[in-house]
Amino acid sequence: MPTVRPLLRSDRPVSEGGGVTSRHGLSFGAHYDPERTSFGALVAHNDDELAPGVAYGAHEHRDVEIVAWVVDGTMVHTGPDGEETRVPAGTLQHLVAGTGWHHDERATADAGVHLVQIWVTPGMDDPPPGPPALTHHRPDLDAGPFVLAVRRPGVTVTVARLGAGETWAPADGAFRHLHVARGALADPAAGPGDALEVTGAGPVALHAGPEGAELIVVTTG
């Protein structure tokens, strides 16, 4: 029987500075909690808001997968070759850092951007990191949930849009992390920016509130 633990947006540690506000669902940066270093394959869950024109600053990742869902605004991604890609709301960006990826991300000059970032590390028995890769997906959520299988075996990221009062059950798994990007769930109760951690296999029914809900689900099989 699965257990469901609510994680309120208001209870998350917050990093602020330079026009970036980041709410952390797990240990990150200066906010270290030895009991919150991972959840299944998930090692970071950041709900980020960048002010207009603000960038994270050029940085590098290695041997990690980062999936970013753009909730509002447009993110501009600058790759290692200097090429810029505009990533508007409703886009899922999937970065396989592999042996190394140097990049930056920023908000456009005229508007801020709101995105949710999910970091997944390889398993102990997974092959060594290969070449990096970057892909973008713009799913039609009105046609049904979109499921992305990441490089790590047995891990998926699902984006789903529920209508008012709709009931939906995410795929089964040992660990399921659900983030409410928009709207709200009525049962289990979760508002915008809140999350649910589901531990243990078994069905979990999610009931959307009167405004519907947009959900991001990370499943570790």
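In this predicted model, methionine 75 has valine 87 of strand S8 as its bridge partner (strands are DSSP runs of E with at least two residues, helices runs of H or I with at least four, both numbered from the N terminus). Strand S7, residues 74–78, and strand S8, residues 84–88, run antiparallel and are joined by five bridges; pairing requires that DSSP finds at least two bridges between two strands. Five residues lie between the strands of this hairpin, and glycine 82 there adopts a positive phi near 85°.

Residues are numbered from 1 along each chain as its sequence is written, and side-chain values rest on heavy atoms, without hydrogens or water. Local features need pLDDT of at least 70 and side-chain atom pairs pLDDT 80 or more, while totals for chains, interfaces and linings use all residues.

Turning to the pockets, each is an open set of points on a 1 Å grid over the protein atoms alone, where a 1.4 Å probe fits, with protein on both sides within 12 Å along at least five of seven lines; lining residues have an atom within 4 Å of a point. The largest pocket holds about 320 Å³. Of its 20 lining residues, Phe28, Asn46, Asp48, Tyr56 and Gln117 lie nearest the centre. Strands supplying at least two lining residues each include S4 (42–50), S10 (101–107) and S11 (113–120). This lining comprises six nonpolar, eleven polar and three charged residues.

The second largest pocket holds about 190 Å³. Its lining has 14 residues, with Asp11, Pro13, His24, Gly25 and Arg36 nearest the centre. Strand S1, residues 3–7, gives the most to this lining, namely three residues.

Key. Grid points are joined across faces, edges and corners, and a volume is the space filled by probe spheres set on the points. Ala, Val, Leu, Ile, Met, Phe, Trp, Tyr, Cys and Pro count as nonpolar, Asp, Glu, Lys and Arg as charged, and the others, Gly among them, as polar.
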